[in-house]
Each structure stands twice: as C-alpha cells, then as structure tokens.
Amino acid sequence: MVLMIISIIFLAMALTGAIFNIAAAAITRPAKAVLPLAQWPAITVLKPVHGTEPALAANLESLFAQDYPGLVQVIFGTRNANDPALAVIAQARAAHPDADIDVVISDRRHGSNNKLSNLANMDALARHPIVIIADSDVAWAPDALRQLAVALADPGVGLASCLHVGRGDAGFWSQLAAMDISYRFMPSVLTGVALGMAKPTLGPTMALTRKTLEAIGGFPAFGDVLADDYEIGAAVRGLGLRTVLPGFYITHGCSESSFTALVMHEMRWTVTIFHINPAGFAGSIVFHTLPLALIGALMADFSTVSLFVLGIATFARLLVRTRIDIASGTVSGPLFLVPIRDLLSFALFCATFFVHKVDWRGSQFRVTRDGRLQS
C-alpha cells in the first residue's frame, strides 16, 4: 500500500512536469524581426576571457558580424598576460582593423569572483551608455545587438538577458551538457516566466544601461557572489525596473570533454541555485518528468495507468526538444539521447542535496545562503 502511494506521488509529479513541458513547447516561437529605433544607442560589449574554448574564434567572429547601425566598442579582458585567448583576440583584431577594440589585462581583485573582478577592470575603459556583458563561449545571430537595444528601449526595462541553447563543442560529454541547457533548463525558464513564477536573469549575455549599472553599485558590488547574474537581476528589480528576456536565442558553447568535467560544472550551478533558493530548487523536481515517470512505473509494476503516464512524459520531452530546436535553429542533441540526459540530470539533482562545496577553476568554495563564495 505504501509503495503504491509513493508510486502515485511520482506519477502525479511526472504528469505535472509533462504538462509544463507541453506548455513550454506551445509557447516556444522563433524570434521576430525588431522594428528599427529612431536612434540606435552606442554600445560597449564587455567580453571576459579565460583560456581558450574549442570555438572561441567563431564565437568572437559572431560579435564582429553584427548588423548594428550604431557605434560598438568591444573590450576584451583577462587576468593573465599569458592567457592563450589573447592570441585568438589578436587574430580577430587583425581581421577587423576598423573595429573599436580594447584589451584589458589586469589581475586586480574586487572580490572572490574572478569574472566580476575581470569585468570591473574592463569597465574602466567603457565609453558608451549601453553595456552588454557577453561570455566568451556564446555565439550571436547577426541581429543580437539590435534585439537587445530594442528591448532596453522599452520604458521601465532595466536589464535584458537572453534565452540560450547549448552547442556541444568538445564531443559526447559536451553534447550532453548542451542538451541539458536546451531541453531541460530552457523549458523550465519559459514555463516559469509564462506563469509569472520566475523572473530569471540569464548570465551568458546581459544588457543594461550605464545609469542602471551605476545605480546598483557597478560590478564590484557583486564581487563576492557566485550567481552574479541572479544577484544583478535582483538588484535591478530592486530599483523598480523590469528584467526581460527578448524572444531570440543565443548559442552557448559547451566544452566539457569528460564525465568528471560535466559533473563538476553542473553541480556548481545546481548547488548554487539550491543555496540561494532551496524551496524553488526542490520544487523544480517536476521538470525531471521522464525519470519521475519511470520510477513511478517501476513502483507500480508497469500498470496500465503508469505506462500511460510514462508515454505522456516521453511525448512531452520529445515535443519540447523538437520545438526548441525549431525556434532556435539549432540541434543540441539527437532524440535518442534525451532519456539518457534526463536520467543524468535527475541524478545530479538528487546529489545536490548532499553537496556543500563547489569547484571553480580548481578551487573549492562553499556557497553561503546569500549566494556568496566562502573558501
């Protein structure tokens, strides 16, 4: 009797998750072309780098291929004068001699978060009223800057970040990492926003005005937090401004070349989310639709009802994968790997409740309840 009750609970959660996935598929649409602004604002793009990724040159090229009518300043930044990314930046600079490019090399610290320290150092050279932070492992479609400028021009908007899909750049494990971004994380974001349950700020690309950045204290104000995107978004909303997700996708390159690298990277983020919002993280279990349905079916000895729920869960997961691929124009992974990726995601979700430290570029940190790093 107890086993049957537990089975019903798992199947109910799986069915809820299937409904959320189907809803996410229903609201997923390709990006629309934006209407032109009367005057396109000048933009500074901050591009922090740390080492090289398999597709770094291509990612940088997508920045210089932007179809943007206004002025664009690009600032690259690293903490290490011997960073191999500098050679790739030099090649990009040579290929685009007319581009407005600066490079900042500084190891000055503004807290425990190296990326935020890097951004703070780079920002000293920023000249324009719009600031866009773009990770080195993202690639943009040619209209990305137009989309972000239009989003920020909407009255009351303080920050725009981007929906993104994964792209495996380093073989099988990186493909699995990309699939988690595209087929589990993005549907949860889309559903949460549509239901008014979430106001996410997604870190791979964020845009805000200089005025807003200064009002929240600049980059040094977030130098000791790990989830800097979350905290920056919360600070912007604290000013009474909105954070938005324009309806276009960028591509996030994944470079995990081993199972260990994949687990360490994903555990860092799940542990961070859990410590910042434990109730919300626990509630996200319903998005692990397929594993929940499978566990419920096993406990119910594969009864007719449990097989029906398992079938709905499978259909929902494959449907959302297809819709995300169509909307983004990118295929992150094949259909047959979706169940494998879902089972791995669920295993990492469960493990998160027992992990207290994260590994970040070879260093161990504890994440406090307010999202700060503690060595």
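**Sheet and helix packing in a predicted model**

Good morning. Helix 8, residues 228-238, lies across strand 6 (157-161), strand 8 and strand 9, and runs at about 140° to strand 9. Please bear in mind throughout that this is a predicted model.

Seven strands, that is, 7 in the order 3-2-1-4-8-6-9, form an open sheet with mixed pairing. Its edges are strand 3, at 100-105, and strand 9, at 242-244, each of which pairs on one side only. From one strand to the next, the twist averages 20°.

Within this order, I would draw attention to strand 4 and strand 8. Residues 130-134 of strand 4 pair with residues 205-209 of strand 8 in the antiparallel sense, over 5 bridges. Ile132 stands opposite Ala207 of strand 8.

Another helix that lies across strands of the sheet is helix 2, residues 56-64. Helix 2 lies across strand 1 (43-48), strand 2 (72-78) and strand 3. Its direction is at about 155° to strand 2.

I turn now to a contact between helices. How far apart are the axes of helix 1 and helix 6? Helix 1, residues 2-27, and helix 6, residues 172-194, pack with their axes 9 Å apart and at an angle of about 85°. Helix 1 is therefore roughly perpendicular to helix 6. Helix 1 contributes Phe20, Asn21, Ala24 and Ile27 to the contact, while helix 6 contributes Pro187, Leu190, Thr191 and Ala194.

Thank you for your attention.

Technical notes
Residues numbered from 1 in each chain as written. Predicted model: local features only at pLDDT ≥ 70, side-chain atom pairs only at ≥ 80, totals over all residues. Heavy atoms only, no water. Pairing = 2+ DSSP bridges. Helix = DSSP H or I, 4+ residues; strand = E, 2+ residues; numbered from the N terminus. Axes fitted to C-alpha atoms, helices over the stretch in contact; angles between N-to-C directions. Contact = heavy atoms within 4.5 Å. Parallel < 35°, antiparallel > 145°, perpendicular 65-115°, else oblique.
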